[in-house]
Amino acid sequence: MSNYTKVIIFIVILIIFSVSVIYFYNTENSINKVMPDISDSIVSGDSDYNEAVDLLNDKNYDESKNKAISASNNFNKSISQLSGIKDNFTSNTNDVYKSYVNTLLEELKLKMNATGDLLEAIDYYKNYQNSTGNSYASEANEFMNDALEFQNVRNGLVKDNPDLFK
């Protein structure tokens, strides 16, 4: 094998390695870049959901429904952004990031289920069907409790890996 061939092979390997490192860095960097926006949407969704519950308890059905719809929109926005991140995972993506995104997606799916049940409960309460409304409200509460378990796992991942989550 000539020296010229060895140099070409070395350059090709170096280029492949460089592209891999840059892509790996950009994947994790893009996750860190978009996470504040995702986090803001989740916080807003949680706040809207809680306000919807308070308004429902005050029998303010229309405002409660508006807040629940807003919560749903915020959760959907986060799911959409996280799905985009997940679609760009590679074999080089850190397993902690993968676990975080997957855990967060599960949490948000549960919150979406809770919001859907809350919207159903609102409609039934508004139509004086309290028994059915209570069933949906109870299911919504169970979904939110399940979501909190995933939230605790997610928070543990951040706590245990502060160097990855900036």
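Where is Arg154 found? I looked that up first, and Arg154 turned out to sit in helix H4. Helices here (H or I, at least four residues) and strands (E, at least two) are DSSP runs, numbered from the N terminus.

**Ground rules.** I am working on a predicted model, where local features need pLDDT of at least 70 and side-chain atom pairs count only at pLDDT 80 or more, while totals for chains, interfaces and linings use all residues. Residues are numbered from 1 along each chain as its sequence is written, and side-chain values use heavy atoms, with hydrogens and water left out.

**Overview.** I counted 4 helices and 0 strands in the protein. Reading from the N terminus, I get α-α-α-α. Of the 166 residues, 34% are buried. For that I used under 20% relative accessible area as buried, over 50% as exposed and anything in between as partly exposed (1.4 Å probe, protein chains only). I also checked contacts, meaning heavy atoms within 4.5 Å. Among those between residues at least 6 apart in sequence, 73% join residues at least 24 apart.

**Back to Arg154.** Is Arg154 buried or exposed? I have it as buried, because its relative accessible area is 10%. Leaving out residues up to four places away in sequence, I find Arg154 touching Tyr100, Thr103, Leu104 and Glu107.

**H3 against H4.** I took H3 as residues 95–126 and H4 as residues 130–160; they pack at an angle of about 165°, with axes 8 Å apart. Axes are lines fitted to C-alpha atoms, for helices over the stretch in contact, and angles run from 0 to 180 degrees between N-to-C directions. H3 and H4 are therefore roughly antiparallel. The angle cut-offs I used: under 35 degrees is roughly parallel, over 145 roughly antiparallel, 65 to 115 roughly perpendicular, and the rest oblique. I noted the H3 and H4 crossing as left-handed, which is the label when the near helix is turned anticlockwise from the far one by less than a right angle (clockwise gives right-handed). I then sorted the contact of H3 with H4 by class and got 19 nonpolar, 8 polar and 8 charged residues. The classes: Ala, Val, Leu, Ile, Met, Phe, Trp, Tyr, Cys and Pro are nonpolar, Asp, Glu, Lys and Arg are charged, and the others, Gly among them, are polar.

**H2 against H3.** I ran the H2 and H3 pair too, and got an angle of about 160° with axes 9 Å apart. H2 and H3 are therefore roughly antiparallel. Their crossing is left-handed. By class, I have 17 nonpolar, 7 polar and 7 charged residues in the contact of H2 with H3.

**The core.** Which residues touch the most other members of the largest nonpolar core? I found Ile38, Tyr49, Leu82, Leu104, Leu108 and Leu118, out of 33 residues. Such a core is a set of buried Ala, Val, Leu, Ile, Met, Phe, Trp, Tyr and Cys residues joined through side-chain atoms within 4.5 Å. Helix H1 (3–57), helix H2 (61–87), H3 and H4 each give two or more residues to this core. The largest share, 14 residues, comes from H3. I followed up on Leu82: not counting residues up to four places away in sequence, Leu82 touches Met35, Ile38, Val101, Leu104, Leu105 and Leu108.

**Leu164.** Leu164 is buried, because its relative accessible area is 13%. Leaving aside neighbours within four places in sequence, I see Leu164 in contact with Asn32, Asn94, Val96 and Tyr97. Leu164 and Asn94 are 70 residues apart in sequence, and I get 9.2 Å from C-alpha to C-alpha.

**Thr132.** I placed Thr132 in helix H4. Thr132 counts as partly exposed because its relative accessibility is 32%. From Thr132 to Glu120, 12 residues apart along the chain, I get 9.0 Å between C-alpha atoms.

**Positive phi.** Most residues other than glycine have a negative phi. I flagged Lys59, whose phi is near 60°. Lys59 is in the loop between H1 and H2, and counts as exposed because its relative accessibility is 61%. I flagged Tyr128 as well, with phi near 60°. Tyr128 is in the loop between H3 and H4, and is exposed, with a relative accessible area of 73%.
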